[in-house]
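I opened a structure that was new to me and kept notes as I went. Here they are, in the order I looked things up.

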Amino acid sequence: NTPLPLHDLVDDQLGAIFSGLAYDLQPGASVDTVTAGLTISQVMTTTTTNAATWTAYNGGGVSVSATDTATVTVNNPAIELSMTVGNAAGVCAATSSLEVDPGTEVYYCYTVENTGNVALSLHDLEDDQLGEIFNGLAYDLQPGASVDTVAAGLSISAVISSDTTSIATWTAYGAGSLTASDSATAEVTVTGSGGGPTLYLPLIQK
């Protein structure tokens, strides 16, 4: 019920916006900074909550203040890919390396985790040895969730005859232009078949 002609505004992230601003704020009236001709901006790189305090006074001992907050959430799409290989179908193996005999069929498993803060709904997966595994796969991967190709019903195998290192890249897509990508490797080492004949050549000296 008292006119308030002087105003201070402080933002805990931006500092003092103004001090001693002259504006005759009558009882029941309101004003905002845009109407007052101010442009107040901030470049956001991480999720941030700003707390601002407005103090109004009349210079005669009357002073009142109010505080409010605003939060800007910065979208951060991110994934983490792991790749494992084993010799059992329908199982996501525990290790990323394997020793086999020549001509062995091995099974690859790709596991992706959403380590960002936005949902990722479409997915591509490519292996430099096996080629494109899938493109535009629809799966709603929420932040903190993970999925592997075995759980998704996929069986991805190859017959290995020589030492092979595979590099896989998973790309996930969110709303608009949000994307995230990560790569992982798995190694298969081929050993001798064992049980074959061994030839010894004697050394003859003259």
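**Entry 1. What I am looking at**

I noted at the start that this is a predicted model.

**Entry 2. A sheet**

I traced an open sheet of 5 strands. The order reads β6-β13-β12-β8-β9, and the pairing is mixed. Which strands stand at the edges? I found β6 and β9 there. Each has a single partner strand, so one side of each is left without a neighbour in the sheet.

**Entry 3. β12 and its partners**

I took β12 next and checked its pairing with β13. The two run antiparallel and are joined by 10 bridges. They form a hairpin with 5 residues between them. In the turn I picked out G176, which has a positive phi of about 65 degrees. Along this pair, S166 stands opposite A186 in β13.

Then I checked β8. It pairs with β12 in the antiparallel sense, over 6 bridges. L122 has Y173 in β12 as its bridge partner. For L125, the bridge partner in β12 is W170.

**Entry 4. The two faces of β12**

Which side chains of β12 point to the buried face? I listed T164, S166, A168, W170 and A172.

I stopped at S166, which lies in strand β12. Its relative accessibility is 1%, so it counts as buried, the cut-off being under 20%. Leaving aside neighbours within four places in sequence, I found S166 in contact with M83, Y108, D127, D128, Q129, A184, T185 and A186.

**Entry 5. The largest nonpolar core**

I recalled a general point first. In soluble globular proteins, nonpolar side chains tend to be buried together.

Here the largest nonpolar core has 27 residues. Which of them touch the most other members? I got V106, Y108, Y110 and W170. I then asked where the core comes from. At least two residues each are supplied by β5 (79-86), β6 (97-100), β7 (104-114), β8 (120-127), β9 (131-141), β11 (156-160), β12 (164-173) and β13 (179-190). The largest share comes from β13, with 5 residues.

Beyond four places in sequence, Y108 is in contact with M83, T84, V85, L130, T149, I156, A158, I160, S166, A186 and V188.

**Entry 6. L81**

I turned to L81, found in strand β5. Is L81 buried or exposed? It is buried, with a relative accessible area of 7%. Not counting residues up to four places away in sequence, L81 touches Y110, T111, V112, A168, T169, W170, D182, S183 and A184.

I also set L81 against L38. They are 43 residues apart in sequence. In space they are 46 Å apart, C-alpha to C-alpha.

**Entry 7. β3 and β4**

I moved on to another strand pair. β3 and β4 pair in the antiparallel sense, over 10 bridges. W54 stands opposite A66 in β4. These strands form a hairpin with 5 residues between them. I noted G59 in the turn, with a positive phi of about 80 degrees.

**Entry 8. The largest pocket**

I looked up the largest pocket and read a volume of about 330 Å³. It is lined by 17 residues. Which of these are the closest to its centre? I wrote down D11, L14, I40, N50 and A52. β1 (4-11), β3 (48-57) and β4 (63-72) each supply at least two residues of the lining. β4 gives the largest share, 5 residues.

**Entry 9. The cavity**

How many cavities of 30 Å³ or more does a search of the whole structure find? I got 1. The largest cavity has a volume of about 40 Å³. Its lining is made of G90, V91, Y107, Y108, C109, V150, L154, S155 and I156. β7 gives the most to this lining, with 3 residues.

How values were computed. Residues are numbered from 1 along each chain as its sequence is written. This is a predicted model: local features need pLDDT of at least 70, side-chain atom pairs count only at pLDDT 80 or more; totals for chains, interfaces and linings use all residues. Side-chain values use heavy atoms; hydrogens and water are left out. A nonpolar core is a set of buried Ala, Val, Leu, Ile, Met, Phe, Trp, Tyr and Cys residues joined through side-chain atoms within 4.5 Å. Buried means under 20% relative accessible area, exposed over 50%, partly exposed in between (1.4 Å probe, protein chains only). Helices (H or I, at least four residues) and strands (E, at least two) are DSSP runs, numbered from the N terminus. Contact means heavy atoms within 4.5 Å. Two strands pair if DSSP finds at least two bridges between them. On a 1 Å grid over the protein atoms alone, a cavity is a set of points where a 1.4 Å probe fits but cannot get out, and a pocket is an open set with protein on both sides within 12 Å along at least five of seven lines; lining residues have an atom within 4 Å of a point. Grid points are joined across faces, edges and corners, and a volume is the space filled by probe spheres set on the points.
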